[in-house]
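Here is a short briefing on one model.

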Amino acid sequence: MLALQLDAPHQPAVAREIPTPQPATNEVLVRLHAAALNHRDVWIQQGQYAGIKLPCTLGADGSGEIAALGAGVTGWAVGAPVLIYPGVAWGNEQRAQGRDFRVLGMPDPGTFAEYTTVPAHYVRPRPAHLSWEQAAALPLAGLTAYRAAFGRARVQAGERVLVTGVGGGVALQAAQFCAARGAEVWVTSGDDDKLARALGLPLGLRGGLNYKAENWGRTLTQQAGGGFDVIVDSAAGAAFGTLLDVAAPGGRLVFYGATLGNVPQLPAAKVFWKQLSILGSSMGSEQDFDDMLALVNEHQLVPVVDKVFPLAEGEAALRYLEAGRQLGKVVLTC
Ligand SMILES: NC(=O)c1ccc[n+]([C@@H]2O[C@H](COP(=O)([O-])OP(=O)(O)OC[C@H]3O[C@@H](n4cnc5c(N)ncnc54)[C@H](OP(=O)(O)O)[C@@H]3O)[C@@H](O)[C@H]2O)c1
């Protein structure tokens, strides 16, 4: 089968023929039809990820059909359309993952391949209203967005929510999910064109601003009619200070990434005087995954796919994601 593998950091990913895996006991073999990229794949290639073990087939997100059942698998039939939970070994606590938790696709073989094997309890029926590419766009980004917004920050209908960096795969899904649940959603982006495109999508977003504009925080709170009850962020870094300013009293700030690095200074008085809660969130449990899929099915939500590449051109897809021009997910057809 064809697979997109990374042999060493700072090397191009290579599409090559490798043996097709066979499902072990309690596993299913999935014939992948689509897989989606995440920024994690770029971090691994750049050598900026903890515990890198290579060579490996990358990829956490995949959709496809069941091609074979391992011994002991019940409840699934060959040909069933599925998508795959993008984590491994979350554990039994909804509160946080266990020590063995890892993301699919390094060190375990990932989804940038024609076939993969996973434990049967990690596959779910593909939402019937989604194409293979749309379904593949959902798992890691949707799971991360869902847990951050609802599992951690407990976004409620009617609350004013700010999602930063809406060009990102997770951010756009967080904005879409919060709007579907009846929140009043505002966004930022570093790119005017992406911002315009996001606001032009039928997602129900209220408005937004470029985070590179001077005093964007003051302007956006004026436009929104007040501070934000919830802020969903993945940049952290020096930009975090403005987020404390634009949070409403009693606001919750949840962050799931640190694209800009650590927050250099945390003005403690602002946090306690405004009664703010600062929350961290990472990926999500199988329960979060099921809850996210229920939301997607209930509201017939369709994740935004920016661009599709063939698996053989996976290296070009990684470079495209790294360049950061996308709005939504970058997908491979397998
Ligand atoms: N903890 C977890 O489980 C988890 C899961 C998924 C992702 N992450 C992390 O979250 C981050 C985003 O991941 P992704 O896969 O969604 O990435 P992506 O699709 O490549 O998007 C990159 C994101 O960074 C944003 N960004 C860059 N500079 C920014 C700034 N100064 N202020 C605000 N936003 C800024 C971009 O916004 P614009 O393009 O709109 O400017 C865009 O949202 C990465 O750091 C990733 O490692 C963590």
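The ligand is surrounded by 29 residues, and the closest are G165, G167, G168, S189 and G257. A residue counts as near a molecule if its C-beta atom, placed from the backbone, lies within 6 Å of it. This is a predicted model: local features need pLDDT of at least 70, side-chain atom pairs count only at pLDDT 80 or more, and totals for chains, interfaces and linings use all residues. Residues are numbered from 1 along each chain as its sequence is written.

**Ligand shell**
- The shell divides into eleven nonpolar, 15 polar and three charged residues. Nonpolar means Ala, Val, Leu, Ile, Met, Phe, Trp, Tyr, Cys and Pro; charged means Asp, Glu, Lys and Arg; the others, Gly among them, are polar.
- α1 (39-45) and α4 (169-180) each supply at least two shell residues. Helices are DSSP runs of H or I with at least four residues, strands are runs of E with at least two, and both are numbered from the N terminus.
- The ligand lies between domain 1 (2-138 + 303-333) and domain 2 (143-280), because both give residues to its shell. The domain bounds come from an automatic or database domain assignment.

**Helix α3**
- In α3 (residues 139-152), 14 of the 14 residues are buried, so the helix is largely enclosed by the rest of the structure. Buried means that 20 or more other C-beta atoms, placed from the backbone, lie within 10 Å of the residue's own.
- R154 follows α3 and has a positive phi, near 55°.

**Sheet**
- Three strands form an open sheet in the order β2-β1-β4, with antiparallel pairing. β2 (14-17) and β4 (56-57) stand at the edges with a single partner strand each, so one side of each has no neighbour in the sheet.
- β1 (residues 2-6) pairs with β4 over two bridges, in the antiparallel sense. Strands pair if DSSP finds at least two bridges between them.
- Q5 stands opposite T57 in β4.

Definitions and conventions: A residue is buried if 20 or more other C-beta atoms lie within 10 Å of its own, exposed if 12 or fewer, and partly exposed in between; C-beta atoms are placed from the backbone.
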